[in-house]
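Colleague: I am new to this structure and would like to learn how its features are read. Could we look at it together?

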Amino acid sequence: MELKTSHHLYPPFPEGLTTAPLVSISLSKLEADDAAESHAFFKASKELGFFYLSMEGSALGEKLVSQAEQLHLVQKEFHSLPNHEKDKFAREKLDPFFGYRILGKREMEDGTIQRDENYNMRKDDLIGNCKPLPCPDLIKQNWALLGNYARTCRAAIDLMFTHLEKNLELPLGTLAKLHRIEERSGDHVRFNKGAPGQFDEERVKGGEHTDFGSLTILFNWLGGLQIRLPETNEWVYVRPIPGSAVVNLGDALVRFTAGLLRSNVHRVVPPMAPQDKIDRHSLVFFSRPEDSVVLRRLKGGLIDKQPKLQKEELELTAEEWILRRSLGDLKGVYTHQGGLELRLPLVKGEA
Ligand SMILES: O=C(O)CCC(=O)C(=O)O
Ligand SMILES: [Fe+2]
């Protein structure tokens with residue numbers, strides 16, 4: 001079945017940009033336990049920490065793309081709600097991390113003020129693990145879709161955990177038991193919106209980050225995502241590919257594997273022409289270890305062969321780590337060797 005996406009409705013990705021050398025991993029081959037694909041997935045997880053996950057030929061993948069496209073419509077509708085409506089669900093009123101957030105404001109050519117904004121919806125609300133936070137009617141109307149999306153993302157992520165376990169030579173279930181879907185965790189669906197704007201060095205720098213959690217599934221329709229290449233430190237663009245998600249690894253997997261896996265630095269810049277006149281929406285699912293899991297190196301398999309880190313690291317629970325990374329004193333870019341490259345405390349620097 002051909003995957004139906006809405007990429008053709010947008011202006012094309014700009015010509016002539018330097019793009020990131022992301023490999024494409026086939027979900028269907030991972031499902032079939034294809035050894036070469038599993039190996040390629042592990043290599044990408046160690047070397048760049050970013051890859052495309054192609055959904056072609058997988059029933060799970062088709063479901064993921066179809067739900068992401070449906071949510072793409074919902075996210076556009078969400079961000080076009082009146083500001084006073086969205087403001088009712090601001091994080092300051094609900095929760096330190098979940099809810100609506102203004103990341104920046106921009107005056108447009110026509111004098112209107114546009115917001116860069118995001119909205120975090122926690123998996124535990126969506127699948128019924130706890131009493132949900134208040135949310136707009138639009139979100140309530142799409143509750144089943146959001147819950148299904150969280151479950152579909154987690155099915156793909158859980159499969160990737162089994163391939164990580166195998167390649168790391170860990171007992172099967174080692175990562176799965178730190179990420180049980182019915183337990184409370186920081187997993188969430190995020191709607192991101194950026195208004196058109198000029199490249200602003202300081203803003204962009206403030207937005208450089210690594211994701212805090214385990215695996216992230218990202219759908220993009222426009223350019224603007226950049227990753228910093230580990231070898232050269234060059235910032236290069238990630239081209240959205242219809243029918244594929246971008247998957248990246250987060251800090252928790254670096255902690256668990258003593259730096260064997262890579263959580264790569266990335267950021268979002270305003271898309272270039274001809275994609276520069278419209279709002280940019282991205283849809284993200286973040287997986288994170290269960291709240292009570294302490295982030296420290298696991299024992300066994302290839303992890304035991306990793307050198308001891310030079311710096312002693314704080315042993316925090318996933319819950320503490322996320323709060324301190326997003327809102328507190330540990331903002332910035334988590335490095336492969338451990339330790340943080342700190343960034344100015346701009347709200348953009350969250351993940
Ligand atoms: O919008 C994107 O392409 C990436 C967003 C991102 O990195 C994040 O929300 O953590
Ligand atoms: Fe991110």
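Colleague: Which residues is A245 in contact with, leaving aside its neighbours within four places in sequence?

Modeller: Two residues are in contact if their C-beta atoms, placed from the backbone, lie within 7 Å. In this case A245, apart from its neighbours within four places in sequence, is in contact with L53, L64, I217, L218 and F219. Please keep in mind that this is a predicted model, in which local features need pLDDT of at least 70 and side-chain atom pairs count only at pLDDT 80 or more, while totals for chains, interfaces and linings use all residues. Residues are numbered from 1 along each chain as its sequence is written, and chains are lettered from A and ligands numbered from 1 in the order in which they are written.

Colleague: How many residues does the largest nonpolar core have?

Modeller: A nonpolar core is a set of buried Ala, Val, Leu, Ile, Met, Phe, Trp, Tyr and Cys residues joined through C-beta atoms within 7 Å. A residue is buried if 20 or more other C-beta atoms lie within 10 Å of its own, exposed if 12 or fewer, and partly exposed in between, with C-beta atoms placed from the backbone. Here the largest such core has 72 residues, and those with the most contacts inside it are F51, L53, C153, I217 and A245. Helix α8, residues 143-167, gives the most to this core, with nine residues; helices (H or I, at least four residues) and strands (E, at least two) are DSSP runs, numbered from the N terminus.

Colleague: At what angle do α2 and α8 pack?

Modeller: Axes are lines fitted to C-alpha atoms, for helices over the stretch in contact, and angles run from 0 to 180 degrees between N-to-C directions. Helix α2, residues 35-47, packs against α8 at an angle of about 85°, with the axes 10 Å apart. That makes α2 roughly perpendicular to α8, a term for angles of 65 to 115 degrees, whereas those under 35 count as roughly parallel, those over 145 as roughly antiparallel and the rest as oblique. On the α2 side S38, F41, F42 and S45 take part, and they meet H163, L164, K166 and N167 in α8.

Colleague: Where are residues with a positive phi found, and where is a cis peptide bond?

Modeller: Most residues other than glycine have a negative phi, and most peptide bonds are trans. D33, although not a glycine, has a positive phi of about 60°, and D33 is found in the loop between α1 (27-31) and α2. N233 has a positive phi of about 65°, again without being a glycine, and its place is in the loop between β7 (225-228) and β8 (235-237). D33 is exposed, with 12 other C-beta atoms within 10 Å, and N233 is exposed, with 8. The cis peptide bond joins A273 and P274, with omega about 5°, and P274 has its place in the loop between β10 (266-268) and β11 (280-286).

Colleague: Is R325 buried or exposed?

Modeller: R325, which is found in helix α11 (residues 318-326), counts as buried, because 25 C-beta neighbours lie inside 10 Å. Leaving aside its neighbours within four places in sequence, R325 is in contact with F212, L330 and K331. R325 and D211 are 114 residues apart in sequence and 9.5 Å apart in space, C-alpha to C-alpha.
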